[in-house]
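Subject: Structure handover

Hello,

Here is the structure we spoke about, with the sequence alongside.

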Amino acid sequence: RTQYRASGRLAWGASRCYRGGADQCGPPGVTALSSLWIRLTGELAAAPAPTVAGTARCMRVAWSTTAAPGAAAKPPRAAHRPPRMRVWSGNMDPRAAMREAPAGTAADTAGGLASELPSSKSPALEFQVVAVQGRARSSRMKLPHVTAETPMFMPVGTQGSVKGLSSEQLQDAGCQVILGNTYHLENRPGSGLVDEMGGLHGFIGWPRGMLTDSGGFQMVSLLHLAEITEEGVTFQSPSDGSRMLLTPEQSIQVQNRLGADIIMALDDVVPATAADRARFEEATHRTTRWIDRCLAAHSRPRDQNLFAIVQGGLDPDLRHISMRDLIARDTPGYAIGGLAGGESKDDFWRMVALCAEGLPPGKPRYVMGIGYPLDIVVCSALGADMYDSVYPTRTARFGVALVPSGVLKLKNAEFSEDFRPIDPACKCSTCQRYSRSYLHNVVTRNQPSAAVLVSHHNVHYTQDLTRSMRRAIEGQVFPEWVRDFLRGMYPAGDVDGWVRDALTVAGISLEGVATAPPPPPRPPGG
């Protein structure tokens, strides 16, 4: 059974999901489905069915009385209810659920396609979940410059440019949204100049979506050059030593001039590995006070979407407080911040799971700073939608290529006479034209073309990865897809313990995949 909320009351509806082209299952003589019927205040109310991409379909609680040719119509009654299906609920023990059903059945295909999928509409953003399976979901997010599909990965162009790649190459790789950084762009070339050039889109010649960070991350990356007070954060420029005060109001004003589709609130960021709980508590409440200042300063709400950022470190209570206070502000979307900063993977996934479950289901959930493919898959299984990181392009500049089995370190001598492409299944221009042997040659000689070629492949890989996840969720085969992905990453079956635990909470069985003892946990930051 699946739980629905309507008019503040709990209503229960049963759903049964199946695959196939024809309506061949259900009560005798019934071929079509009606909308889900939910019992509310003693009456039956019809809820509209969503438009869902893919081949998966959803059987609703009430059956249509349209009969097949030559068959008598039968009204729905108890005898003709669809068979019950065990569906994951957040209040259930996932291990118990998976003991009750084998892999590939209801225990790891929890939820199917929900009958009434979450959505929201803001002046500059429309968000619609189109398919769910367990906690994972596939969605459409309409922004001023693009209708993005999630889960999605966003490459980082810190100073308005993704290093080594042109806008055309990013489009060719399938990128939907790219990032710019408020602090660095205001430092050079300045938001005023960018505004004169038509905003970031015109400045860099990018026709699709853009997101700008608030500058808050620099409180961590440039901590030795930053001084944080209630007013804001004062940075010392790493280039010329000049001082720059960034307040919530100034951060938003700069981002308004940059003109990105999504702009981020200035938050008080504390490294996750810090041991001072009082500092985390201060940052959590300051982040809430600063979001109010950001909202008041935001002058373009009809053109740009201001996302709030959940803080609280690794403390569940502080995370809940942050979510409660930020959800009350009803921003178009929410980010999960303060992670990917050296904490253990166990702490990392638990905070993602907690926040993804606690944030509004009808709004986008953005886990900041996530770029490892395995992390993207696990976070998507836990219900997150958006990710960004410099990792794919930064690691490319060291000659490291992303592949389904992990990475290829192209500097290694083993590739000097390997005439295969990086990934024979990849359709990027690098894999279509160049061999590992050639790339080994240019990488080891530090040729500028090496970073371009491997960066293009790595970005293409992240887009293929998230595209494949969306198709799997919409096709209702996401658990099988995850198991196939992990077979490539862990051919010996030694799946990391944190991955096993996270996917157990996500309701995905690893039977037949995690066949060997996990390796010892890596230390935080490892």
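In this predicted model, helix H11 (residues 373-381) packs against helix H16 (residues 478-489) at an angle of about 160°, and their axes lie 12 Å apart. Angles over 145 degrees count as roughly antiparallel, and H11 and H16 are therefore roughly antiparallel to each other. Their crossing is left-handed. On the H11 side, the contact is made by Pro 373, Leu 374, Val 377 and Ala 381. H16 contributes Phe 478, Trp 481, Val 482, Phe 485, Leu 486 and Met 489. Sorted by type, the residues of this contact between H11 and H16 come out as ten nonpolar, no polar and no charged.

The other item is a sheet. Four strands form an open sheet, in the order E7-E8-E9-E10, with antiparallel pairing. Its edge strands are E7 (119-122) and E10 (147-150), each of which pairs on one side only. On average, neighbouring strands of the sheet are turned by 10° against each other, direction ignored. As a reminder, strands of a sheet pair through backbone hydrogen bonds, either parallel or antiparallel.

Strand E9 (residues 136-142) pairs with E10 in the antiparallel sense over four bridges. If you want a place to start looking, which residue of E10 is the bridge partner of Arg 140? That partner is Glu 149.

Regards

Terms used. Residues are numbered from 1 along each chain as its sequence is written. This is a predicted model: local features need pLDDT of at least 70, side-chain atom pairs count only at pLDDT 80 or more; totals for chains, interfaces and linings use all residues. Side-chain values use heavy atoms; hydrogens and water are left out. Axes are lines fitted to C-alpha atoms, for helices over the stretch in contact, and angles run from 0 to 180 degrees between N-to-C directions. Helices (H or I, at least four residues) and strands (E, at least two) are DSSP runs, numbered from the N terminus. Angles under 35 degrees count as roughly parallel, over 145 as roughly antiparallel, 65 to 115 as roughly perpendicular and the rest as oblique. A crossing is left-handed if the near helix is turned anticlockwise from the far one by less than a right angle, and right-handed if clockwise. Contact means heavy atoms within 4.5 Å. Ala, Val, Leu, Ile, Met, Phe, Trp, Tyr, Cys and Pro count as nonpolar, Asp, Glu, Lys and Arg as charged, and the others, Gly among them, as polar. Two strands pair if DSSP finds at least two bridges between them.
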